[in-house]
Each structure stands twice: as C-alpha cells, then as structure tokens.
Amino acid sequence: MPSTSRRSTPLPDPIDEASRRPRRRLLGTIASASALALAGGATARAQSATTAGAWPIRPIRLIHPWAAGGGGDIVARLLAEKMRAELGQPVLVENRPGAGGNVGAELAARQPPDGYTIMTTAAGFSIAPALYRTLTYDPLKDFVPVTKMATAPLLVLVRADSPLRTMADLVAMARRDPKGVTFGSFGNGSPSHLIGERINRLAGISMTHVPYTGGGAATDLQGGSLTIAILDALSQTPQVKAGKLRALALNGPNRLPTLPDVPTLTESGIPFDLVGWHAMFAPAGTPPEIVGRLNEVVNRILATPDVRSRMFEVALFPVQPPTTPAQWSEMFRADVQAWAELVRSSGATIN
C-alpha cells in the first residue's frame with residue numbers, strides 16, 4: 001500500500017513568539033495614540049469651527065477706556081449700533097476712563113478671550129508702555145489687533161487776535177524769545193505734549209510746555225495765558241469756525257475737509273506725519289476666526305457713506321484702504337516704537 005504522508009503545521013517557537021508580543025503591544029499602543037491624536041485634532045478643529053460659526057450667541061461687551069462724548073466714544077457707539085444689525089446681538093458700550101486709558105485697558109486685558117469682550121481705544125494706548133513705569137498690562141502681548149478705524153489729527157491753535165498766522169511766524173517768535181512762548185497740552189506724555197516737543201526739536205526752538213487736564217488749555221488759550229495750544233480737532237473745530245481761535249496747522253498727512261485752508265505740519269515746513277488714531281482690539285487668545293469676522297464686519301461698516309460722513313463731521317479720517325488684523329498688528333508695533341522714541345526724546349514720564 002502506498003504510504004501517505006501528512007505535512008504537519010510547525011508549532012510556534014516559544015522564544016520567537018515571546019519576542020513578538022512586546023512588538024505587537026508597542027505597535028498597538030502607537031496606533032491607538034495616533035488615532036487618539038488625530039481624533040483630538042479633529043475634535044479641536046470642529047470645536048473651533050463650531051465656536052466661530054456660532055459666535056455670537058449673546059451680547060458683546062465693548063470697553064472704551066475713555067470718557068463719554070469724545071471722538072472715540074462717538075465712533076464706538078456708532079459702531080455698536082451698526083454691529084448689532086450685522087451680528088444679530090447687542091453690542092454694549094462700557095466707558096471705563098482713568099489713568100490715561102489704562103484703567104479700561106487693564107480691565108479688557110483680563111477678560112476671557114472668547115469674542116464677547118472687545119475694546120476700542122486711542123493712540124495713548126501705544127504710548128503707555130514707554131510713558132508708565134508700572135503698567136499692569138502689555139499692549140503688544142495682552143491684546144490682538146482687530147482693525148484700525150480712523151486717524152485723529154490735532155490742531156496747533158492760537159487766539160483769533162494773535163499776530164501768529166503761520167507756523168513760520170510761531171518759529172520766528174520762539175527764536176526771538178526762547179522762554180516766552182508756551183504751549184498747552186492735554187497733559188504730560190499725551191500726544192499733544194509729544195507733538196509739541198517734536199515741533200521744538202524739528203524747528204530748533206524751545207517752547208515751554210504747560211500740561212492741563214480737561215478743557216483747561218482751551219480756556220487759558222482764549223484768555224491769553226498761553227501762546228498756543230495743541231488740542232483735538234473734534235472739540236476745537238467749532239471754536240475755529242466761530243472765529244474764537246485760529247488753527248495754524250494740524251498733524252498727519254491730510255488736511256481736514258471741515259478746515260480745508262489749514263495746512264499740515266509737513267506742508268508748513270515741519271516734517272511730522274505721525275498722527276493719533278482710533279482702533280479695535282480683543283484680548284490675546286481670541287480665536288482667529290472671530291478676530292477675522294470682527295475685522296470684516298467693522299471694515300464693512302466703516303466703508304458705508306453715512307458712517308464715513310459722520311466721522312468726517314467729528315474731525316476724524318476713516319481708514320482707507322481697510323486694514324487686516326495682520327496689517328494693523330504690524331502698523332501698531334511700528335506706532336509703539338515711534339511714540340516711544342518721542343517719549344524718550346521728550347523726557348516725559350508718569351509714575
């Protein structure tokens with residue numbers, strides 16, 4: 001009888017099998033970790049998209065760290081009204097003035113970065129790091145720029161009956177009487193103070209600075225206690241139009257439509273274009289999707305004819321072309337450096 005042979009299945013080598021088990025466990029662990037990481041990333045992206053997509057689902061708090069009634073406050077309230085229609089939620093303006101805008105800025109910096117707190121503020125925000133030795137927040141680290149909204153020029157003013165009619169007249173007077181020419185400002189380290197000191201340096205003169213708070217500078221200028229005052233165009237344009245004051249020049253690159261005959265400092269032979277502004281910021285860490293949405297909405301509002309007209313009425317220039325968050329971030333950093341140089345050269349300091 002033919003013999004039949006059966007191939008037997010070899011038994012696993014106990015030693016080889018033992019060596020494979022740790023490798024299989026390791027590969028399984030790696031695969032599980034990779035799956036968890038991918039799932040976690042997908043969940044985080046989904047949550048981010050959901051947050052940005054659902055935002056806003058409740059009212060938004062707009063902190064404005066300056067008193068009511070100023071140019072920035074007018075812009076903030078105009079924006080809040082328009083943003084409600086765009087976003088479908090109320091935008092509640094909260095004035096928190098004090099310490100040159102620092103009280104409100106510190107409050108805004110401490111809020112959750114969830115898109116439900118935003119801040120509109122002025123150029124003093126970019127001066128603060130150089131001016132205050134003990135600042136409780138960092139404008140560059142604690143905030144994310146949303147968009148620049150408007151520029152806010154200041155006027156170099158004299159009494160209507162002053163013999164000074166041009167900046168050249170002012171420079172000539174200051175050279176004849178170096179100690180007899182005074183300039184009033186909003187206060188030590190304010191934009192108007194720093195601009196006056198820059199005029200001193202560029203023109204080679206030494207006007208004496210007289211700091212004020214509130215509206216004291218305008219009152220003393222009209223009363224004859226000051227030679228000039230450097231004040232905001234919003235509050236003083238009506239005085240110029242009424243014939244109580246005369247504007248010699250304004251800072252910034254453009255003339256005001258409401259005062260078309262008033263030249264810029266650069267046109268007057270003093271090459272200085274740095275100008276104040278109003279802008280929007282959010283607490284650092286606010287999701288980029290929300291920052292981008294805010295930027296889009298605010299820029300669209302600023303481009304409407306009625307808003308532009310209102311801003312010109314209060315002596316502000318709407319920013320054109322509009323800025324992206326990245327563009328405004330770069331511009332803001334440059335502004336912080338430029339104002340810091342003016343602070344250093346002037347010797348101004350607070351606390």
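Reader: How many strands form the open sheet, and in what order?
Author: In this predicted model, five strands form an open sheet in the order S7-S6-S8-S5-S9, with mixed pairing; strands here are DSSP runs (E, at least two residues), helices are runs of H or I with at least four residues, and both are numbered from the N terminus. Two strands pair if DSSP finds at least two bridges between them.

Reader: Which strands stand at the edges?
Author: Strand S7 (208-211) and strand S9 (245-250) do, each with a single partner strand, so one side of each is left without a neighbour in the sheet. The twist from one strand to the next averages 30°, where axes are lines fitted to C-alpha atoms, for helices over the stretch in contact, and angles run from 0 to 180 degrees between N-to-C directions.

Reader: And how does S6 join S7?
Author: Strand S6 (residues 182-185) and S7 run parallel and are joined by four bridges, with Thr182 standing opposite Thr208 in S7.

Reader: Which helices pack on that sheet?
Author: One of them is H6, which touches strand S5 (154-159), S6, S7 and strand S8 (228-232), and its direction makes about 155° with that of S6. Helix H8 (residues 233-241) also packs on the sheet, touching S5, S8 and S9, at about 120° to the direction of S8. Contact means heavy atoms within 4.5 Å.

Reader: Changing topic, is S3 enclosed or open?
Author: Strand S3 (residues 117-122) is largely enclosed by the rest of the structure, because six of its six residues are buried, meaning under 20% relative accessible area, while exposed means over 50% and partly exposed lies in between (1.4 Å probe, protein chains only). Both faces are covered, with Thr117, Met119 and Thr121 buried on one side and Ile118, Thr120 and Ala122 buried on the other. In a regular strand the side chains alternate between the two faces of the sheet.

Reader: What does S3 pair with?
Author: Strand S1 (residues 60-64) runs parallel to S3 and is joined to it by three bridges, with Arg61 opposite Thr117. S3 also pairs with S10 in the antiparallel sense over four bridges, and there Ala122 stands opposite His278.

Reader: Now H11, please: which of its residues are buried?
Author: In H11, the buried residues are Trp328, Phe332, Asp335, Val336, Trp339, Ala340, Leu342 and Val343. They cover an arc of only 160° around the axis, which puts them on the same side of H11; the arc is that of the directions from the helix axis to the C-beta atoms.

Reader: What covers them, and what is on the face turned away?
Author: The cover includes helix H4 (124-131), strand S4 (143-152), helix H6 (191-203) and strand S10 (276-283), whereas the face turned away carries the exposed residues Ala326, Glu330, Gln337 and Arg344. After H11 comes Gly347, whose phi is positive, near 80°.

Reader: Where should I be careful about the confidence?
Author: Over residues 1-50 the pLDDT, which is the predictor's confidence in each residue from 0 to 100, stays under 50, and the model has two contacts beyond four places in sequence for them. Where pLDDT is low, the predicted coordinates should not be read in detail. The protein averages a pLDDT of 87, and 85% of the residues score at least 70.

Reader: What are the ground rules for numbering and values?
Author: Residues are numbered from 1 along each chain as its sequence is written, and side-chain values use heavy atoms, leaving out hydrogens and water. Local features need pLDDT of at least 70 and side-chain atom pairs count only at pLDDT 80 or more, while totals for chains, interfaces and linings use all residues.
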